[in-house]
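Have it open while you read.

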Amino acid sequence: MAEQMISAFESSLDKTNVILKEIEQAYGWPKEHRNQSYAALRTVLHLLRDRMPVQESAEFAQQLPVLLRGIYFEGWQPENVPIKLNRDDFLYEVRQGFPYDVEGGPQRVVQVVLDTLRRHVNQGEWQDVKSSMPQDISRMIP
């Protein structure tokens with residue numbers, strides 16, 4: 001039983017590292033920039049989570065590796081969602097949560113993270129996430 005738990009944790013860690021590595025590769029960052037890729041992923045995940053209705057947010061979370069699911073739900077206040085954000089507000093909040101200066105600014109951060117997540121989430125669920133967003137935000141979602 002303990003071996004299965006360790007194996008599940010290691011699998012989740014491996015999947016999370018793959019996602020972080022894909023973000024780094026999209027920017028051409030070395031692994032030493034892991035803090036940046038983590039900050040980008042965490043920020044965008046939290047903003048998506050807080051913009052979605054509770055049920056949709058929980059369904060989306062089920063698609064994430066266990067480790068990322070914990071990061072996703074960290075600090076979540078389901079009684080306060082969905083938070084109304086338009087595209088500009090969303091990008092402003094990305095800039096607040098991701099304090100690094102990168103080429104393309106917050107919009108590129110969002111695009112890289114969303115492109116990466118899309119490859120790791122069931123396409124039906126991804127479409128549900130996209131359709132739960134206001135039109136100006138859903139246009140940023142691949």
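How many residues does helix H6 have, and how far does it reach from its first C-alpha to its last?

1. H6 covers residues 105-118, so to speak a stretch of 14 residues, and reaches 20 Å between its end C-alpha atoms. That is close to the 20 Å expected at 1.5 Å a residue, where the expected span is 1.5 Å times one less than the number of residues. Helices here are DSSP runs of H or I with at least four residues, strands are E runs of at least two, and both are numbered from the N terminus.

2. Before going further, some bookkeeping. This is a predicted model, with local features needing pLDDT of at least 70 and side-chain atom pairs counting only at pLDDT 80 or more, while totals for chains, interfaces and linings use all residues. Residues are numbered from 1 along each chain as its sequence is written, and side-chain values use heavy atoms, leaving out hydrogens and water.

3. Which residues of H6 are buried? They are Val109, Val110, Val112, Val113, Leu114, Thr116 and Leu117. Buried means under 20% relative accessible area, exposed is over 50%, and partly exposed is in between (1.4 Å probe, protein chains only).

4. Two of those valines turn up again in the largest nonpolar core, which has 38 residues: Leu41, Leu45, Phe60, Phe90, Val109 and Val110 touch the most other members. H1 (2-27), H2 (34-51), H3 (54-61), H4 (66-73), H5 (87-97), H6 and H7 (123-132) each give two or more residues to this core, and H2 gives the most, with 7. A nonpolar core is a set of buried Ala, Val, Leu, Ile, Met, Phe, Trp, Tyr and Cys residues joined through side-chain atoms within 4.5 Å.

5. H2 deserves a look of its own. Because 15 of its 18 residues are buried, H2 is largely enclosed by the rest of the structure. Its end C-alpha atoms are 26 Å apart, which agrees with the 26 Å that 18 residues should span at 1.5 Å a residue. Leu45 touches Phe60, Leu64, Leu68, Tyr72 and Leu117, not counting residues up to four places away in sequence; contact means heavy atoms within 4.5 Å.

6. How do H2 and H5 pack? Their axes come within 9 Å and cross at roughly 140°, so the two helices are oblique to each other. Ala39, Thr43, Leu47 and Leu48 of H2 make the contact with Phe90, Glu93, Val94 and Gly97 of H5. Axes are lines fitted to C-alpha atoms, for helices over the stretch in contact, with angles from 0 to 180 degrees between N-to-C directions. Under 35 degrees counts as roughly parallel, over 145 as roughly antiparallel, 65 to 115 as roughly perpendicular and the rest as oblique.

7. For H5 and H6, the axes come within 9 Å and cross at roughly 90°, which makes H5 roughly perpendicular to H6. Arg87, Phe90, Leu91, Val94 and Arg95 in H5 meet Pro106, Gln107, Val109 and Val110 in H6.

8. Check the loops too. A cis peptide bond joins Val81 and Pro82, with omega about 0°, and Pro82 is in the loop between H4 and H5. Most peptide bonds are trans. Gly104 is in the loop between H5 and H6 and counts as exposed because its relative accessibility is 55%.

9. Finally, Arg69 in H4 counts as partly exposed, at 22% relative accessibility.
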